[in-house]
Amino acid sequence: MTQSSTVKGKFISFEGIDGAGKSTHIAFVAEWLGAHGKTVVSSREPGGTTVGEKLRDLLLHEKMHLETEALLMFASRREHIAQVIAPGLARGDWVVSDRFTDASFAYQGGGRGLDRSKMEALEQWVHPTLQPNLTLLFDVPLAVARARLDATRTLDKFEQEQADFFEACRTEYLRRAAQFPERIVVVDSTQSIDAIRAQLAAILEKLL
Ligand code: TMP
């Protein structure tokens with residue numbers, strides 16, 4: 001962990017390609033932490049603040065240059081850190097975020113093909129010392145993820161992408177998991193919900 005000594009709380013991020021099933025498990029983790037006496041702040045990216053949610057709306061529905069997309073993801077993140085993550089950690093809360101910077105590497109880097117050095121520069125600018133204490137990467141084969149997308153609602157800009165886009169996102173996520181094994185835990189999201197919950201509880205026990 002590379003956080004300043006003023007940080008008292010813990011920061012957990014959740015990642016995975018669309019349809020990997022992370023939403024169900026975020027609620028479980030928040031509940032589990034609450035039951036273990038922690039004050040939990042649940043949030044998401046892009047979004048999590050008034051400005052961030054407006055940026056989310058643009059990002060999920062408007063076509064734009066891939067560098068604009070990367071910059072707006074980090075703009076939303078900057079606001080999220082300032083308004084939610086840093087104050088929460090300073091209070092000693094546990095901040096649980098549905099996505100963080102690994103998603104930019106996976107989607108804008110892997111999926112869209114933006115050079116990794118661009119993301120590294122933005123990361124260095126926006127959060128040079130802050131990293132999640134733990135990142136849970138929910139991993140599933142692409143066919144499983146696609147089948148899980150709710151066909152009854154309108155899919156957003158990312159969800160409408162083709163299989164090769166998501167394969168590239170998944171590959172980049174797994175590459176990062178191999179690069180940062182002390183932070184990123186890969187959870188096989190094809191397991192039953194009960195099996196995943198048991199695994200999550202064991203991981204969280206170690207972080208308490
Ligand atoms: P969600 O559907 O998990 O809420 O995430 C919204 C979409 O935004 C999802 O398709 C992934 C994408 N995204 C990026 O492309 N880059 C990012 O940095 C983040 C945080 C999300």
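The structure is a predicted model, in which local features need pLDDT of at least 70, side-chain atom pairs count only at pLDDT 80 or more, and totals for chains, interfaces and linings use all residues. Residues are numbered from 1 along each chain as its sequence is written, and side-chain values use heavy atoms, with hydrogens and water left out.

**First stop: the pocket**

Rolling a probe the size of a water molecule over the atoms shows where empty space is left. On a 1 Å grid over the protein atoms alone, a pocket is an open set of points with protein on both sides within 12 Å along at least five of seven lines, whereas a cavity is a set of points where a 1.4 Å probe fits but cannot get out; lining residues have an atom within 4 Å of a point.

The largest pocket has a volume of about 550 Å³, a volume being the space filled by probe spheres set on the points, which are joined across faces, edges and corners. Select Asp-18, Lys-22, Arg-56, Arg-99 and Glu-159, which are the closest to the centre of this pocket among the 29 residues that line it. Next, colour helices H1 (22–35), H2 (50–61), H3 (66–91) and H4 (101–111), the elements that give two or more residues to this lining. Helices (H or I, at least four residues) and strands (E, at least two) are DSSP runs, numbered from the N terminus. H4 gives the most to the pocket lining, with four residues.

By class, the pocket lining has 10 nonpolar, six polar and 13 charged residues. Here Ala, Val, Leu, Ile, Met, Phe, Trp, Tyr, Cys and Pro count as nonpolar, Asp, Glu, Lys and Arg as charged, and the others, Gly among them, as polar.

**Second stop: the ligand**

Select the ligand and its shell of 14 residues, of which the closest are Lys-22, Arg-56, Arg-99, Ser-104 and Gln-108; a residue belongs to the shell if one of its heavy atoms lies within 4 Å of the ligand. H4 provides the largest share of this shell, four residues. The shell divides into six nonpolar, two polar and six charged residues.

A polar side-chain atom of Lys-22 lies 2.8 Å from an oxygen atom of the ligand. For Arg-56, an N or O atom in the side chain is 2.8 Å from a ligand oxygen atom. For Arg-77, a polar side-chain atom lies 3.0 Å from an oxygen atom of the ligand.

Arg-99 is not a glycine, yet it has a positive phi of about 85 degrees. Then move to Pro-46, in the loop between strand E2 (40–44) and H2. The peptide bond from Glu-45 to Pro-46 is cis, with omega near -10 degrees.

**Last stop: the cavity**

How many cavities of 30 Å³ or more are there? The count comes to one. The largest cavity has a volume of about 40 Å³. To find it, select its lining: Gly-16, Ile-17, Leu-137, Phe-138, Asp-139, Val-140, Arg-170 and Tyr-173. Strand E4 (134–139) and helix H7 (163–179) are the elements that give two or more residues to this lining.

Methods: A polar contact is a pair of N or O atoms within 3.5 Å; within protein, one must be able to donate a hydrogen and the other to accept it, and residues adjacent in sequence count only if both atoms are side-chain atoms.
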